[in-house]
Amino acid sequence: QVQLVESGGGLVQAGGSLTLSCTASGISSNIYITAWYRQAPGKQRELVASISTGGGTNYADPVKGRFTISRDNAVNTVYLRMNSLKPEDTAVYYCKVDEIYSVGRIMYYWGQGTQVTVFS
């Protein structure tokens, strides 16, 4: 059973920075994708950024150039460095892991979420 523990959320002034961490345990597949999603009040959950075991990254347009996703395999942790934060970045941020076993067999897990609030 995969477990994800997120940390690093908080309250920050616009233009500031935060780094979120997602530490995973129990991953058994050699191929998996770790992603950060966010959900603002009254809105749907949306993808923010993702990183594969091969190191490939993907970013949503609103965060390109401001956010950086990275991983430290030694401690099974994925980070989301968020710079130049804007009030519209305010949301609960969730970590998600997709374990890929074969075509059509993907197991996915969510973290509990961490609140990020950006004030102007």
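Trainee: Which residue in β8 is the bridge partner of threonine 23?
Mentor: Threonine 77 is that partner. Please note that this is a predicted model, in which local features need pLDDT of at least 70, side-chain atom pairs count only at pLDDT 80 or more, and totals for chains, interfaces and linings use all residues. Residues are numbered from 1 along each chain as its sequence is written, and side-chain values use heavy atoms, leaving out hydrogens and water.

Trainee: How many bridges pair β3 with β8?
Mentor: Six bridges pair strand β3 (residues 18–25) with strand β8 (residues 77–82), in the antiparallel sense. A strand is a DSSP run of E, at least two residues long, numbered from the N terminus; two strands pair if DSSP finds at least two bridges between them.

Trainee: And in what order do the strands of that sheet run?
Mentor: The open sheet has four strands in the order β1-β3-β8-β7, with antiparallel pairing. Strands β1 and β7 (67–72) each have a single partner, so one side of each lacks a neighbour in the sheet.

Trainee: New topic: which cysteines does the disulfide join?
Mentor: Cysteine 22 and cysteine 95 are joined, with 2.0 Å from S to S. A disulfide here is a pair of cysteine sulfur atoms within 2.5 Å, and the structure holds one. Cysteine 22 belongs to β3 and cysteine 95 to β9 (residues 91–102), so the link ties together parts 73 residues apart in sequence.

Trainee: Are those two buried or exposed?
Mentor: Cysteine 22 is buried at 2% relative accessible area, and cysteine 95 also counts as buried, at 0%.

Trainee: What is the volume of the largest cavity?
Mentor: Its volume is about 80 Å³. A cavity is a set of points on a 1 Å grid over the protein atoms alone where a 1.4 Å probe fits but cannot get out; lining residues have an atom within 4 Å of a point. The volume is the space filled by probe spheres set on the points, which are joined across faces, edges and corners.

Trainee: Which residues line it?
Mentor: Among them are Cys22, Ala24, Tyr32, Arg71 and Thr77. Strands β3, β4 (32–39), β7 and β8 each supply at least two residues of the lining.

Definitions and conventions. Buried means under 20% relative accessible area, exposed over 50%, partly exposed in between (1.4 Å probe, protein chains only). On a 1 Å grid over the protein atoms alone, a cavity is a set of points where a 1.4 Å probe fits but cannot get out, and a pocket is an open set with protein on both sides within 12 Å along at least five of seven lines; lining residues have an atom within 4 Å of a point.
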